[in-house]
Amino acid sequence: GTGTWRRRPDSKWRLSPEALARRIAEQTAILDEGLSYLKPGAALVYVTCSVLPEENGDQIDALMARFPALSPIDLGALWPEISPAPKPEGLAGGRLQLSPHRDGTDGFFVAGLRLAK
């Protein structure tokens, strides 16, 4: 929920290191379980409403380290099929990070991964 701090700035004072650690553990478990449902060649899309690297890119990096059969999906190449809007600045390396400051939106993170065939 750190992505909503623009609209709910008071919520950042309620986030503790312990709560963040629990959330990261939950996300890790969800990602690992989600992979169990993928067939070879299938895609997994991970989306958060967060601006924290620990919940975003760090999670994807750790997942790819645990499961080397995953490869990133180039969201930039797919962008014309995904959205009629121009490519956002936060789209890089197959990942998208939307920022309240830069994009005028809530903070969102998107990454796509494909399981090898």
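Let's start at a turn. Strand 3 and strand 4 form a hairpin with two residues between the strands, and Gly93 there takes a positive phi near 60°. A word on terms: strands are DSSP runs of E, at least two residues, and helices are runs of H or I, at least four residues, both numbered from the N terminus.

Now the ground rules. This is a predicted model, where local features need pLDDT of at least 70 and side-chain atom pairs count only at pLDDT 80 or more, while totals for chains, interfaces and linings use all residues. Residues are numbered from 1 along each chain as its sequence is written, and side-chain values use heavy atoms, without hydrogens and water.

Strand 3 covers residues 91-92, and two bridges join it to strand 4 in the antiparallel sense. Strands count as paired if DSSP finds at least two bridges between them. Ala92 has Arg95 as its bridge partner in strand 4.

Look along strand 4. Its side chains alternate. Leu96 and Leu98 point to one face and are buried. Buried means under 20% relative accessible area, exposed means over 50%, and partly exposed is in between, with a 1.4 Å probe and protein chains only.

Next, strand 5, residues 108-115. Six of its eight residues are buried. What does strand 5 pair with? Strand 4, residues 95-98, is antiparallel to strand 5 over four bridges. Leu98 stands opposite Phe108 there. Strand 1 is also antiparallel to strand 5, with six bridges. In that pair, Val47 faces Val110. Strand 2, residues 70-72, joins strand 5 by three bridges, again antiparallel. Ser71 sits opposite Arg114.

Last stop: Asn56. Where is it? Asn56 is in the loop between strand 1 (43-48) and helix 2 (57-66). Buried or exposed? Asn56 is buried, with a relative accessible area of 1%. Its side chain makes polar contacts, meaning N or O atom pairs within 3.5 Å; within protein, one atom must be able to donate a hydrogen and the other to accept it, and residues adjacent in sequence count only if both atoms are side-chain atoms. A polar atom of the Asn56 side chain lies 3.1 Å from the backbone oxygen of Ser50. The side chain of Asn56 also reaches the backbone oxygen of Leu52, at 3.1 Å.

For contrast, take Val45. Val45 lies in strand 1. Val45 is exposed, with a relative accessible area of 53%.
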